[in-house]
Amino acid sequence: MSVPTTAAPGAPVVDLDLADLRHDPYPAYAELRRTAPLAWVPSVGRHLLTRYDDIVHAEKLPEVFSSREEGSLLLRTVGPNLLREDDPEHRRLRAAAEPPTRPRQVRDQWAGAFERTAHELLDRIAGRGEADLIADFAEPLAAANLALVLGLRNAGADDVAAWSRAMMDGNSNYADDPDLWLRAESATRAIEEAVAEAAAIVRREPDGSVISSMVHAAEPVSLAEIQNNVKVIIGGGVNEPRDVFGVGAWALLRRPDVLDRVLGDPGSWKRVFEETARWVSPIGMYPRQLTRDHEIAGVTLPAGSRVALVIASGNRDESVFERPDEFDVDRPHRPHLAFGGGPHFCMGAWVARHEVSALAWPLVFGRLKGLRPADSPQDRLEGWVFRGLTSLNVTWHTA
Amino acid sequence: MPIVIFELPDGTQRKVSAAPGTVLMQAAVSNGVEGIVAECGGNASCATCHVYVDDRHTARVGPPNDVEDEMLDFTAAERRPTSRLSCQIGLSDELDGLIVHVPEEQV
């Protein structure tokens, strides 16, 4: 099967500048939803699918919209892995890795350590009265928690965070920058070494972590498979909780009335989480490749066509969400697409929900009294494949 | 083909026929039954296809499996003794006439 590298017959061609998308993709997505819900975008080398209903349709047909993508940036960055496999191969790897991320395990096995780590990070900054909540809190928290759940006791939070950044830069390297590839390769080699060491230990002494679960899986998983899948999990496992934390905190700090209501009703942090993930999805899009000819959004795509499911756009679809560009924790609930759907539904969803909405936000807003945004020009929302705040500078009362 | 009935939170009923060998969640989704979200497509990872089996039918349907039991602790609507994930209920002719109640929220 050859891979078409141009527009499918009948598909509109829309030029989008990657720098504009990084800055703010939402105006372009709104225009695409209105005029070209399936469009070939030359700078991305894919057809962008931007309406909610079409994305849900594609997610429900994994046998047509395959995760096995030729020339995938993720495959180049980390090697074969469960995100770029279809069932039953995907299912074998997912079943091996998933048990430690299920919600009861999160609550019973990990939550206590997550909370201690959050307090330790806040202890370090509490007396300062100012901090960057991304670099000083959210990123090290997400990285430390991830190292714990994965079973990488031989790696520090700084290592995991740096590896994640390097691989994510590779995975979104649509501009083919050679320096980014070199950094990503260096990170993946370091992860391979750390995983090999951890796997040898848990082979003798299982510890309930993801690596341990994969080592002892009912259907055997090779060391190379464990290494590659840990790379993928490190990639997503840091930036997604970090970015949801940052964007939600940023949004609330700019809406003191909403923040007051949330602080008075701790049960509402869950709604804040889901609305934040809808409003600015940490993962903006992911690729699929067609296994056979298929008509969608008025275009018949030939087998082999590359498609990007733009969930960031689906989550702003005005036919599903009223005033979609507004952050509104009270909006009538409609399921968002931020965790993806179908067999690839985010494996870290329960970890992230607990880590961010049950622990990180309540602890930060509870302990740092008088928290205010410092309105630093460095604090920018950035990215389209992955989107989050570059920093979140804040001040608070220390007296 | 078994006929199954989804009772929505407002009391309206949706009666759908389902192919034996499929699961209750698929019957809901393929017929557009509102309130069955099924984010993970039937892999017991998301807890968004939660239903309450009608009291008269619980014995026919049986108890949840281990993974499902865990997920049911984290459904958006309250867990009840009759709670099941519809993706884990396999349909057969024995379940013809099954009634399940769709909860108010799934996420």
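Strand β2 (residues 46–49) of chain A is joined by three bridges to strand β8 (residues 306–309) of chain A, and the two run parallel. In this pairing, Leu49(A) stands opposite Leu309(A). The model is predicted: local features need pLDDT of at least 70, side-chain atom pairs count only at pLDDT 80 or more, and totals for chains, interfaces and linings use all residues. Residues are numbered from 1 along each chain as its sequence is written, chains are lettered from A and ligands numbered from 1 in the order in which they are written, and side-chain values use heavy atoms, with hydrogens and water left out.

**The sheet**

- β2(A) and β8(A) belong to an open sheet of five strands in the order β1-β2-β8-β5-β3 (chain A), with mixed pairing. Two strands pair if DSSP finds at least two bridges between them; helices (H or I, at least four residues) and strands (E, at least two) are DSSP runs, numbered from the N terminus.
- The edge strands are β1 and β3 (65–66) of chain A, and each pairs on one side only.
- Strand β1 (residues 38–41) of chain A pairs with β2(A) in the antiparallel sense over four bridges.
- Across this pair, Leu38(A) stands opposite Leu49(A), and Trp40(A) has His47(A) as its bridge partner.
- β1(A) and β2(A) form a hairpin with four residues between them, and Gly45(A) in the turn has a positive phi of about 70°.

- Buried means under 20% relative accessible area, exposed over 50% and partly exposed in between (1.4 Å probe, protein chains only).
- Helix α3 (residues 52–59) of chain A has six of its eight residues buried, among them Tyr52(A), Asp54(A) and Glu59(A).
- The buried residues of α3(A) pack against elements including β2, β8 and α14 (311–314) of chain A; contact means heavy atoms within 4.5 Å.

**Helices α9 and α11**

- Helix α9 (residues 178–204) and helix α11 (residues 223–253), both of chain A, pack at an angle of about 120°, with their axes 9 Å apart.
- That angle makes α9(A) oblique to α11(A), because angles under 35 degrees count as roughly parallel, over 145 as roughly antiparallel, 65 to 115 as roughly perpendicular and the rest as oblique.
- Residues of α9(A) in the contact include Thr188(A) and Ile191(A), and those of α11(A) include Leu223(A) and Ile226(A).

Technical notes:
Axes fitted to C-alpha atoms, helices over the stretch in contact; angles between N-to-C directions.
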